[in-house]
Structures are given as C-alpha cells and as structure tokens.
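Here's a walk through the model, one surface feature and one contact at a time. Keep the 3D view open while you read.

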Amino acid sequence: MPDSNITKRALASALKELMEDSPFSKISVSDICQACDMNRKSFYYHFKDKYDLVNWIYYTECVAVLKEKDYCTEWELLEDLCAYFYKNRTFYRKTLSVDGQNSFSEYFRDILAAILAETMEGILGQDPHLDFYVEFYTDAFLCALKRWLLAKDCMPAEEFTTLLRSCLLKTSTAILQQLSPQQETT
C-alpha cells in the first residue's frame, strides 16, 4: 500500500505542476504521466481519469485532515475549509472552473451536501422539506465559494468566512424580526 500512495502522490504532484501553467482542460493523462515519468497503465491502475485524481487530491489533502479534527461548531470547519481553498487557490481556481460529470465541482458539491444535510437535520429535525433546504444552501455556498476563489483579487479566507457568517446572521435576524409580528397575530 505505501507504494500505491507514492505513485498517487507523484501523479498528484505532476498534475499540480502542470496546472501552474496550463488550464485543467488542456492537460491530458499522457501529460501527467510524462511529467512524472510513468506510463498510462500506472495512472489508470490508480485513477479512472484526471477528475478522479483531482478528487483524490482534495480528499487526501483536505477531507482526511478535517476529519481528524474535533470541531465545536460548523463555523470552525468552514473556516478551515476556506483556509485550505485559499492556500491552494491557484489549483482550485482551475478545477472549479470545470463543470459537468466527474468534475471536482460535482464531487465537492456532494461532500458539501452531505455535511449540510447532517447539520440541517440537527437544526430542523425531520422536516419534510429538508432536501430542498439542503440543495438551496449547497448551491448557494458552492456558488459563493467559486465566485470568491475565481475573483481576480481573491480576499483572504478569514475575510470571506467573516463576511459569509455576517451575511447569514444578519439575514436570519432580519427575517426573524419580520416574521415575529406575523406569528403573534396568528
């Protein structure tokens, strides 16, 4: 198994180096293999395609690391997640700009939806519309994350998470204040 991880890391490193100069869509599996002096058979033994390699990079560098931590709140998780994306923004700008089947955007969306489903079920219980709420917030967060990372002058992660939190808290407070008089009369 250690040899497998060495090979996977070499392929990951090659992809990251290639993406410093080229868009993801222009990089082929052959390019990745050539950059780390491996054959295509070795690549396909470990990954089904270059999208699978990107997803493996994200999982090993971010998800596995975040799973090791014990977070008191979801905000702490969000802060670490955004810090990771910001630190690796050159790589993720290029991978998040690709949409469609097997893309990193779809992979990340699935992970994000699972996290939000668990969190929102804890807040809302067995609400019959839970799936709708999860989809809404998943799409909103993914869109905000992409817009943030793809911006020419990408603000630091701390600023982004502070603004995101402020937006959600202020909006929630305003909605609750608007609904409170209606609830008292009904």
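Helix H8 (residues 130–150) is the biggest giver to the nonpolar patch, supplying three residues. The patch itself is made of Phe 132, Phe 136, Tyr 137 and Leu 168, which together show about 420 Å² of accessible area. Leu 168 belongs to helix H9, and with 33% relative accessibility Leu 168 counts as partly exposed.

A few ground rules. This is a predicted model, in which local features need pLDDT of at least 70 and side-chain atom pairs count only at pLDDT 80 or more, while totals for chains, interfaces and linings use all residues. Residues are numbered from 1 along each chain as its sequence is written, and side-chain values use heavy atoms, with hydrogens and water left out.

Helices (H or I, at least four residues) and strands (E, at least two) are DSSP runs, numbered from the N terminus. Buried means under 20% relative accessible area, exposed means over 50%, and partly exposed is in between (1.4 Å probe, protein chains only). Areas come from the Shrake-Rupley method with a 1.4 Å probe, and for residues only the protein chains shown count as cover. Patches take residues with over 30% relative accessible area and no salt bridge, joining like charges within 9 Å and nonpolar side chains (Val, Leu, Ile, Met, Phe, Trp, Tyr) within 5 Å.

**The overall picture**

The protein chain has nine helices and zero strands. Its C-alpha trace spans about 70 × 35 × 30 Å along the principal axes. Of the 186 residues in the chain, 34% are buried.

Glu 76 sits in helix H5 and is partly exposed, with a relative accessible area of 32%.

**Salt bridges**

How many salt bridges does a search of the whole structure find? The search turns up five, where a salt bridge means a side-chain nitrogen of Lys or Arg within 4 Å of a carboxyl oxygen of Asp or Glu.

| Pair | N to O distance |
|---|---|
| Lys 16 and Glu 61 | 2.3 Å |
| Asp 99 and Lys 146 | 2.7 Å |
| Asp 139 and Arg 109 | 2.6 Å |

Start with Lys 16, which forms a salt bridge with Glu 61. This pair links distant parts of the chain, with Lys 16 in helix H1 (residues 2–19) and Glu 61 in helix H4 (residues 50–68), 45 residues apart. Both ends are partly exposed: Lys 16 has 24% relative accessibility, and Glu 61 has a relative accessible area of 30%.

Next, the side chains of Asp 99 and Lys 146 meet in a salt bridge. Asp 99 is in the loop between H6 and H7 and Lys 146 is in helix H8, so the pair ties together parts that are 47 residues apart in sequence. Asp 99 is exposed at 55% relative accessibility, whereas Lys 146 is buried at 15%.

Then there's Asp 139, which forms a salt bridge with Arg 109. Because Asp 139 lies in helix H8 and Arg 109 in helix H7, the pair ties together parts that are 30 residues apart in sequence. Asp 139 is partly exposed at 39% relative accessibility, while Arg 109 counts as buried at 14%. Arg 109, Glu 135 and Asp 139 are linked in a network of salt bridges.

**Loops worth a look**

Ser 103 lies in the loop between helix H6 (89–96) and helix H7 (104–124). Is Ser 103 buried or exposed? With 0% relative accessibility, Ser 103 counts as buried. A polar atom of the Ser 103 side chain lies 2.7 Å from the backbone oxygen of Gly 100.

Asn 102 also has its place in the loop between H6 and H7. Asn 102 is not a glycine, yet has a positive phi of about 70 degrees; at 35% relative accessibility, Asn 102 is partly exposed.

Asp 37, in the loop between helix H2 (29–35) and helix H3 (40–46), has a positive phi of about 60 degrees although it is not a glycine. Asp 37 counts as exposed, at 74% relative accessibility.

Definitions and conventions:
A polar contact is a pair of N or O atoms within 3.5 Å; within protein, one must be able to donate a hydrogen and the other to accept it, and residues adjacent in sequence count only if both atoms are side-chain atoms.
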